[in-house]
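I opened the model to look up a few helices and a sheet. My notes are kept in the order in which I looked.

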Amino acid sequence: MCGIIGAVTESAIEPVLEGLGRLEYRGYDSSGISILSNNKIQTIKAQGKLNNLKERLSMQSLEGKCCIGHTRWATHGRANVTNAHPHQCGQVSVVHNGIIENYLQLKQQLMQWGHHFDSSTDSEVVPHLINHYLAQQMSPEEAIEKTITQLKGSYALGILINGTSNNLYAIKQGSPLVISQGNNGAYMASDAMGLGADSSKIYYPKDNQLITLNNHEIKLCSRSLNTKIHYVNNKHCSKVISKGEHSSFMEKEIFEQVDLLKKLSVNNYYDKYSAINFKDLNKITIIACGTSYYAASVAKTWFEKYANILVEIDIASEYRYRSPIIIDNELTIFVSQSGETADTLAALRYAKSKSAQTLALVNVANSTIAREAKFTFEIYAGPEIGVASTKAFTCQLAIFYKIAMEAAKQRSFIEPSELKELALNFMQLPYIIEKILQNRTDMKMMAKKLSNYSNILFLGRGALTAIAQEGALKLKEISYIHAEAYAAGELKHGPIALLDEKMPVVVIAPKNNLTDKLLSNIQEVQARNAPLFIIGDSSIREYVNLQEDEFFELPLIPESILPIISVIPMQLLALYSAKILGKNIDQPRNLAKSVTVE
Ligand code: AGP
């Protein structure tokens, strides 16, 4: 994970600090910069959020034309100042995103050569190795190239070397990196989001292509002379993203869902989706992590029910390690908001190596997953800043719903009238969600009561089990309340042992074909004195005797769109619980928005 950035421009510290602000979603345990100033590398670092670094920098006046910066999500070594990047050795300073897997052997070797290490990170071996080769009279380019032949693992590196006339070096292997040549300078960053207004054209370097950036030009090293730098437009360029009237990005993103779904319901993307031949498919496998995985779980139910396609879903970190069986005419779908999740990317590469047909469903256009899959469909959620994913989930579901309809159409599995009904149901989404958001005060009351507990159990049935899981994940992520989710029918097979007056149970219970079964599960909960909370429609209310703050009423909702609607109260519940508990909504502890390490 981690965000890295670099700039060679008149006052390089400004774009670096701005960029770090935009990259903070990749990690915020600590941050730091190195700047080439008066023929000297100056490095300033701070523990915690970027503001701490800014505060330290405000106490000194640093100027320079060549600067690198880093925002960290700790892997090797605690989140403290010593382990914060950049790491410096002599005249070399380095920022790193990724993991150097053989760092212990390298460190041992370097220590035998007399090097002394300050941090417990894997990254620190990089400046030491470069320094070692520079001492052997190699040129900076040779020293960097020699160094990377020693590294095993993944890396994107920004490298400053004193005495190189304001050159900044960048190189990657496996980890994301983007380069840009602007009117006023040259820049590098972990992803396009980190780049500012001067970066309308960007280049995605290939693995192990050493790039030299300076004020006037971007150069590939001599080894890569046959390759051309091919710039593409930066869709994220200079977009200023603010919270508007909201107290957090997550809150803003929850409220944005109404407009996003309005846009998705008027746009017809069938043409695009018809690029896939669903008629002859024998199987779909959907692979993702976290929230995106729960979107896959819901999508499975739609593909099976409306298009009669065999669907398997898998957690990306497991997929390639379990010898998955890829059959003829199988479509593998990779779902990722960021398009950079290391596990999902590795799974995609694995599927490609086995000649599977690949489709990516991403929010970030031009992300690595988007670029590497055969087909890519965007989910059009716009930049999602809150670490806890909300609008990307509903947009993933919305696009899956449309793809499932296309599959149903091609396979003629359901009647045209039913297909029409599915489309009409979809059109209702933004209006129903708007209504739910208007009733948010009711959810605040429920959150007030629930936030007194340390553990919460979520239950759902059918596609709504995935929504219960997503609700539990949201709550864990931002309120730190321990929450688990089960298919309600599983309760009696074990988790029921947990129930007593200290273990509240939240049941997602809108009216559908499983309501009767669910009512029995609710009885089981009440019989064990567990505090009961229900998110359901009025038809359920008469069966349960609950107080105002224990029942969140949903309008009557067509079954096909229930999962998309039911997640909204879950998001609100997590948001309000975290607010009540005074937690950091957008940057919860230990997390990062984009998980770019395995
Ligand atoms: C969700 O709230 C998460 N923070 C996390 O589970 C996320 O969904 C997961 O890391 C996958 O990310 P991706 O969609 O960008 O691949």
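Entry 1, ground rules. I am reading a predicted model, where local features need pLDDT of at least 70, side-chain atom pairs count only at pLDDT 80 or more, and totals for chains, interfaces and linings use all residues. Residues are numbered from 1 along each chain as its sequence is written, and side-chain values use heavy atoms, with hydrogens and water left out.

I took helices (H or I, at least four residues) and strands (E, at least two) as DSSP runs, numbered from the N terminus. I found nine of the 12 residues of α10 buried (under 20% relative accessible area, 1.4 Å probe, protein chains only). Among them are Asp343, Leu345 and Tyr350. I noted that their cover includes β15 (283-288) and β17 (330-336), contact being heavy atoms within 4.5 Å. Just after α10, serine 355 has a positive phi of about 65°.

I read an angle of about 170° between helix α8 (residues 290-307) and helix α15 (residues 463-479), with axes 8 Å apart. Axes are lines fitted to C-alpha atoms, for helices over the stretch in contact, and angles run from 0 to 180 degrees between N-to-C directions. The pair is therefore roughly antiparallel (over 145 degrees).

I traced five strands in an open, parallel sheet, in the order β21-β20-β22-β23-β24; strands pair if DSSP finds at least two bridges between them. The edge strands are β21 (482-487) and β24 (551-554).

Terms used. Buried < 20%, exposed > 50% of the residue type's maximum accessible area, 1.4 Å probe, protein only. Parallel < 35°, antiparallel > 145°, perpendicular 65-115°, else oblique.
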